[in-house]
Amino acid sequence: MTKIRIAIQKSGRLNEESIEILKDCGISIDNGRDQLKASSRNFPMEVFYLRNGDIPQYLRDGVVDIAIIGENVLIEKGEDISIAEKLGFSKCKVSLAVPKAVKYTSVQDFQGKRIATSYPNTVKNYLADKGVSADIHIINGSVEIAPNIGLADAICDIVSSGSTLFKNNLKEVEVMLKSEAVLAVSPQITSERRDILEKLQFRIQSVLRARQSKYVLLNAPNDKLPMILDLLPGMRSPTVLPLAEEGWSSVHTVIKKDSFWEVIDELKQAGAEGILVCPIEKMVL
Ligand SMILES: Nc1ncnc2c1ncn2[C@@H]1O[C@H](COP(=O)(O)OP(=O)(O)OP(=O)(O)O)[C@@H](O)[C@H]1O
Ligand SMILES: O=P(O)(O)OC[C@H]1O[C@H](OP(=O)(O)OP(=O)(O)O)[C@H](O)[C@@H]1O
Ligand SMILES: [Mg+2]
């Protein structure tokens, strides 16, 4: 039987959430991290546990068909590799930073400066685009320490909360790109495996949609219903059911997680009572 070969990070920031999203898609994987290769019991899939930085090459060579990887790594070394889905986790930026004490005016300030980074292509392309040429020092980790030890004038690295920059007395001055985990596809994928990919994407989309939504149930007096229904979008339209108590209804609907606190406040003001908010496991359109 043909199986799709997926690469996920062996260990590191993407590992757990990659396994989690496959699990939420109903795909259970035998064996744990100790083995570099594992098979699914209930989906035609083989999982390869690899280093994040090596994954673009494996995709390019067709050794794996798909991968869960940071978009930033694809931008750095896999521009020929396509993205099938954005996965909504491991959100971060790739930014340029300089010591706090440095007066920064514009990207031109990087002309002739030494920049330490694990993302040489990203920096070079970004600066070349602006007519700036700098001296790039490639280092693989603890990049933020480089200015403090006199190795560089500036750095380019991943920024999320900003606390690593802060601890190293640096300030972010240019955001070069924004990234999140993505499902990437090998240019060599066969049509048979593409069919399996489509099934996987269908499941991933249902999982992501569900993660972004909440199921809301509330009670309301019938005379307040028009105002309340106005506030609620719902997948098609909200469900309204009569309560045992005369003159009252129960309203069920789905709302976006982001807008949820605002909507709840408005619903209360409009006369809604006994509001329940529940997670949704899957959402199939
Ligand atoms: N602080 C962070 N916040 C959010 N996402 C991050 C952060 N740091 C890294 N990421 C994302 O997670 C990915 C993996 O990061 P991680 O540090 O685990 O791996 P790595 O050391 O770059 O790779 P490798 O697996 O090759 O050792 C990055 O490529 C990026 O997309
Ligand atoms: O803005 P922050 O929230 O501080 O996150 C940014 C830091 O996170 C990443 O390092 P990581 O912790 O993955 O360590 P690593 O260098 O060993 O990969 C990245 O390389 C930055 O150093
Ligand atoms: Mg890291």
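**Two ligands and the protein around them**

Ligand 1 has 15 residues around it; Gly12, Arg13, Asn52, Gly70 and Ser160 are the closest. The model is predicted. By class, this shell holds 4 nonpolar, 9 polar and 2 charged residues. Where does ligand 1 lie relative to domain 1 and domain 2? Domain 1 covers 4–90 + 180–210, and domain 2 covers 92–179. Both give residues to the shell, so ligand 1 lies between them.

Now turn to ligand 2. Its surroundings include Arg13, Gly141, Ser142 and Glu144. Also among them is a run of names from Asp157, Ile158 and Val159 to Ser160, Ser161, Gly162, Ser163 and Thr164. Strand E9 (154–159) and helix H5 (163–167) each supply at least two residues of this shell. E9 gives the most, with 3 residues. The shell around ligand 2 divides into 2 nonpolar, 7 polar and 3 charged residues.

In an unreviewed entry, UniProt places "domain: ATP phosphoribosyltransferase catalytic" at residues 51–205. The end C-alpha atoms of that span lie 26 Å apart.

Last, step back to the whole protein. It has 8 helices and 15 strands. Its C-alpha trace spans about 75 × 55 × 35 Å along the principal axes. The radius of gyration is 24 Å, whereas a compact globule of 285 residues would have one near 19 Å. Buried residues make up 30% of the 285. Among contacts with a separation of 6 or more, 66% join residues 24 or more positions apart.

Methods:
Residues are numbered from 1 along each chain as its sequence is written. Chains are lettered from A and ligands numbered from 1 in the order in which they are written. This is a predicted model: local features need pLDDT of at least 70, side-chain atom pairs count only at pLDDT 80 or more; totals for chains, interfaces and linings use all residues. A residue is near a molecule or strand if its C-beta atom, placed from the backbone, lies within 6 Å of it. Ala, Val, Leu, Ile, Met, Phe, Trp, Tyr, Cys and Pro count as nonpolar, Asp, Glu, Lys and Arg as charged, and the others, Gly among them, as polar. Domain bounds come from an automatic or database domain assignment. UniProt positions are given in the numbering used here, feature names are shortened, and annotations may be inferred rather than shown by experiment. Helices (H or I, at least four residues) and strands (E, at least two) are DSSP runs, numbered from the N terminus. The radius of gyration is taken over C-alpha atoms; the globule rule is 2.2 Å times the number of residues to the power 0.38. A residue is buried if 20 or more other C-beta atoms lie within 10 Å of its own, exposed if 12 or fewer, and partly exposed in between; C-beta atoms are placed from the backbone. Two residues are in contact if their C-beta atoms, placed from the backbone, lie within 7 Å.
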